[in-house]
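This report describes the fold, the helix packing and selected residues of the protein chain shown below.

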Amino acid sequence: MDIFGIKAAAPSICQPTEPSRLSRRELDVLNYIQLGLTNRQIAQKLFVSTNTINKHVQQVLRKLEVSNRVQAAIYAQAAVNVRGQFPADQIRMPAHPPLGLY
């Protein structure tokens with residue numbers, strides 16, 4: 001790919017060969033990560049401790065085989081755009097509305 005006269009490799013998202021199954025709660029956490037909420041904000045939304053959210057985030061990162069929240073959000077967005085990555089019943093918005101939409 002040629003960007004502003006500079007040769008560059010086309011960006012790609014590395015996806016695991018077998019998509020991991022996320023629990024309902026992990027999906028809620030992932031959706032809130034996509035919205036940009038911090039662990040503390042997610043914990044308040046889901047009525048659990050910050051430690052619990054820390055553990056969920058680590059599980060999400062491990063299952064998606066990514067190393068940080070940004071990569072997890074990008075992966076999740078790509079999965080929504082690429083049919084079949086996650087079962088349709090797993091692609092949903094969090095149980096509670098995001099901040100500022102009450």
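## Overall architecture

Of the 102 residues of the protein chain, 35% count as buried. The coordinates are those of a predicted model. The protein chain holds four helices and two strands, and along the sequence these elements follow the pattern β-β-α-α-α-α.

The accessible surface of the protein chain amounts to about 6,700 Å², and carbon and sulfur atoms account for 57% of that area. When contacts between residues at least 6 apart in sequence are considered, 63% of them join residues at least 24 apart.

## The nonpolar core

The largest nonpolar core comprises 20 residues, of which V29, L30, I42, I53 and L64 touch the most other members. At least two residues of this core come from each of α1 (24-34), α2 (39-46), α3 (50-64) and α4 (69-81).

V29 illustrates how these parts of the chain meet. Leaving aside residues up to four places away in sequence, V29 touches I42, L46, I53, H56 and V57. Two of these partners, I42 and I53, are themselves listed with V29 among the core residues that touch the most other members.

Helix α1 is mostly covered, with eight of its 11 residues buried. The buried residues are E26, L27, D28, V29, L30, N31, Y32 and I33. Just after α1, G36 adopts a positive phi of about 90°.

E26, found in helix α1, is buried because its relative accessible area of 5% is under 20%. The C-alpha atoms of E26 and H56 are separated by 5.9 Å, although the two residues are 30 residues apart along the chain. Not counting residues up to four places away in sequence, E26 touches R21, H56, Q59, V60 and K63. L27 also has its place in helix α1; with a relative accessibility of 4%, L27 counts as buried. L27 and V60 lie 33 residues apart in sequence, and their C-alpha atoms are 8.2 Å apart in space.

The axes of α1 and α3 are 9 Å apart, and the two helices pack at an angle of about 90°. This angle falls between 65 and 115 degrees, and therefore α1 is roughly perpendicular to α3. On the α1 side the contact involves R25, E26, V29, L30 and I33, while α3 contributes I53, H56, V57, Q59, V60, K63 and L64. Classified by type, the contact of α1 with α3 contains seven nonpolar, two polar and three charged residues.

Helix α2 also packs against α3: their axes come within 8 Å and cross at roughly 110°. The contact of α2 with α3 is made up of five nonpolar, three polar and one charged residue.

Most residues other than glycine have a negative phi. Against this background, F47 has a positive phi of about 60° although it is not a glycine. F47 is placed in the loop between α2 and α3, and its relative accessibility of 69% is over 50%, so F47 counts as exposed. E65, likewise not a glycine, has a positive phi of about 60°. The place of E65 is in the loop between α3 and α4, where E65 counts as exposed at 57% relative accessibility.

V48 lies in the loop between α2 and α3. Its relative accessible area of 30% is between 20% and 50%, and therefore V48 is partly exposed. When residues up to four places away in sequence are not counted, V48 touches A43 and I53.

Key: Residues are numbered from 1 along each chain as its sequence is written. This is a predicted model: local features need pLDDT of at least 70, side-chain atom pairs count only at pLDDT 80 or more; totals for chains, interfaces and linings use all residues. Side-chain values use heavy atoms; hydrogens and water are left out. A nonpolar core is a set of buried Ala, Val, Leu, Ile, Met, Phe, Trp, Tyr and Cys residues joined through side-chain atoms within 4.5 Å. Buried means under 20% relative accessible area, exposed over 50%, partly exposed in between (1.4 Å probe, protein chains only). Contact means heavy atoms within 4.5 Å. Axes are lines fitted to C-alpha atoms, for helices over the stretch in contact, and angles run from 0 to 180 degrees between N-to-C directions. Angles under 35 degrees count as roughly parallel, over 145 as roughly antiparallel, 65 to 115 as roughly perpendicular and the rest as oblique. Ala, Val, Leu, Ile, Met, Phe, Trp, Tyr, Cys and Pro count as nonpolar, Asp, Glu, Lys and Arg as charged, and the others, Gly among them, as polar. Accessible areas come from the Shrake-Rupley method with a 1.4 Å probe; for residues, only the protein chains shown count as cover.
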